[in-house]
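Welcome, and thanks for stopping by. Let's walk through one part of this protein together.

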Amino acid sequence: MSELTYDDFKSRVNIQDLLVDAGYRLNRRDGMRYPSYVRIGSDGKRVHGDKFIVTANGLCCFQPPEIKNYNVISFIKEHPNLFAEYRPGMSTDRLVNLVCNRLLNHPVAERAPRDFGRQREARPFDIYEYETQAFVNGDWDSQKRFYPYFQNRGINLQTQRAFSDHFFLATRERGDGKKYTNLSFPLSLAAMPGKEIVGLEERSRPNAEGKTAYKGMAAGSNAAEGLWIARLENNRSDMGFTRPIGAAQDVYWFESAFDAMAYYQIKMNEPGNVGYHDLANAVYVSTGGSPTKKQFSSMIEHTPEAIHHLCFDRDRAGRMFAVNFALQKDGRVFTSHLTQDKEKLVVTDLTKGFKRHELPMEPFDFRDVCDRLGIDSRGIRYEPCDGRYKDWNDQLLDKPMENEETQTRGMRR
C-alpha cells in the first residue's frame with residue numbers, strides 16, 4: 001500500500017473529525033453554518049475560552065479571538081499533546097503521519113530499528129553484565145585510565161578526584177565478541193540513591209579528532225526515572241549513600257554529568273568563591289539528556305527542604321526544561337513543546353480546566369515566565385552558564401556559541 005502524503009491528509013481527513021479525536025465536542029448552540037467545537041471539563045461544563053470554529057471552506061479551524069487558521073497538518077503540529085500517539089520529543093511529522101493514517105484506517109508500516117553498532121535490548125539493565133574499573137584516589141595507575149575521557153573536556157584531576165565515587169569505566173562484550181569500554185555515570189532512583197544501579201549514562205573515548213563518538217544510555221537503562229545522583233562526602237553511587245538525600249540543602253540539575261563536573265570546577269576556581277569544596281549537604285544530578293516528569297517529581301519528593309538550582313543548557317530546549325521543572329514543582333498537570341521554528345514555548349496547563357500559553361523564547365526571563373504562568377517559584381534558582389556558551393562544559397572550555405542555530409537541537413546529549 002502506497003504511503004500517503006500531506007496533500008492526501010489535507011484532502012481526506014475532515015477537520016471536524018480531527019477536532020473530535022482531539023477531545024472536542026460539537027457545540028450545537030452555535031448553529032451549523034460555522035460549526036464550533038468546545039472542550040468539556042471534568043465537571044461536565046464547557047471549558048471557558050477553549051473553542052475552535054470551523055472556517056467557511058470547511059477545511060480549517062481557528063480559536064477565537066485569534067484569527068489563525070489551522071488545517072489538519074498545522075493543528076496536529078501545534079497541539080501535539082491532544083493526541084494519543086504523542087510522546088515528548090517525537091518528530092511532529094511522525095505524529096501527523098500516525099494520527100492521519102489512523103483516522104483514515106490506513107496501516108502504517110513499523111519502522112525498522114536503526115543500527116547504531118549496539119544491539120538495543122528490551123530486558124532490564126544488569127550491571128553484572130559489565131566489568132567495571134574504579135577511579136581510586138591514591139592509586140595513580142587506576143587514575144591514568146580515565147585521562148582520555150576527561151582531557152578533551154577540560155576536567156582536571158582535582159575535579160575527577162572530588163567526583164571519583166560517582167563514575168567508573170564499564171566494559172562489555174558484544175554479541176560479535178568485540179569489547180567496548182565507556183566512561184559510565186551510574187543511574188539510580190531518588191528513593192534509593194546508590195542502592196541499585198538502574199542504568200548508565202555513557203560516554204565513549206574521544207576519536208582521533210578529539211570528539212566523543214558515542215554518548216547515550218546503556219542498553220536497558222531506566223532513563224525515565226533513573227538519575228545520576230552525586231554527593232561528594234562519604235557517599236558512593238554504586239554502593240548506596242551513607243547519608244540520605246532528604247536533608248540536602250541544595251540540588252544542582254544538569255543534562256550531563258560532564259556539565260555538573262564542569263560547573264563544580266568553575267565555581268571552585270572563581271576568585272573569592274567559597275563553600276564549593278564542602279558539598280556534604282548538596283546533591284548534583286544529571287538527567288542524561290531530556291529530563292522526564294518522573295525524574296523531576298521523584299527528586300522533588302525526596303528533597304523537600306532543598307533549593308533547586310536549574311543549570312540546564314542555555315539553548316531553547318534547556319529553557320523549556322527549566323520551565324517544565326517549575327511547573328512540576330508547583331504541582332501542575334501540563335504538557336509543553338517548542339513550536340517547529342523554536343521561537344515559542346507552548347504550555348498546555350490542564351490543572352484546572354484547559355489553559356494554553358504561548359511564550360516567546362527570545363528574550364527569555366525565567367522569573368517572568370513563571371509569573372506569566374502563575375507559578376510559585378520559591379525554592380528554585382535558574383542558573384544557566386554564561387550567555388556566550390551553550391552549557392557549563394563549553395564555558396569551562398571557553399567554547400562560545402557560533403550563532404543562534406547552535407542553540408537549537410533535536411537529540412539527547
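**A sheet and its helices**

Visitor: In S18, which residue is the bridge partner of Val 347?

Guide: First, this is a predicted model, in which local features need pLDDT of at least 70 and side-chain atom pairs count only at pLDDT 80 or more, while totals for chains, interfaces and linings use all residues. Residues are numbered from 1 along each chain as its sequence is written, and side-chain values use heavy atoms, leaving out hydrogens and water. Helices (H or I, at least four residues) and strands (E, at least two) are DSSP runs, numbered from the N terminus. Strand S17 (residues 344-349) pairs with S18 in the antiparallel sense over six bridges, pairing being at least two DSSP bridges between two strands; the partner of Val 347 in S18 is His 357.

Visitor: Which strands stand at the edges of the sheet?

Guide: The open sheet runs in the order S16-S17-S18, with antiparallel pairing. Two of its strands have a single partner strand each, so one side of each lacks a neighbour in the sheet: S16 (334-338) and S18 (355-360).

Visitor: Why are the buried residues of H11 on the same side?

Guide: In helix H11 (residues 366-373), Phe 366, Val 369, Cys 370 and Leu 373 are buried, meaning under 20% relative accessible area with a 1.4 Å probe, protein chains only. An α-helix has 3.6 residues a turn, so residues three or four places apart point the same way.

Note on methods
Buried means under 20% relative accessible area, exposed over 50%, partly exposed in between (1.4 Å probe, protein chains only).
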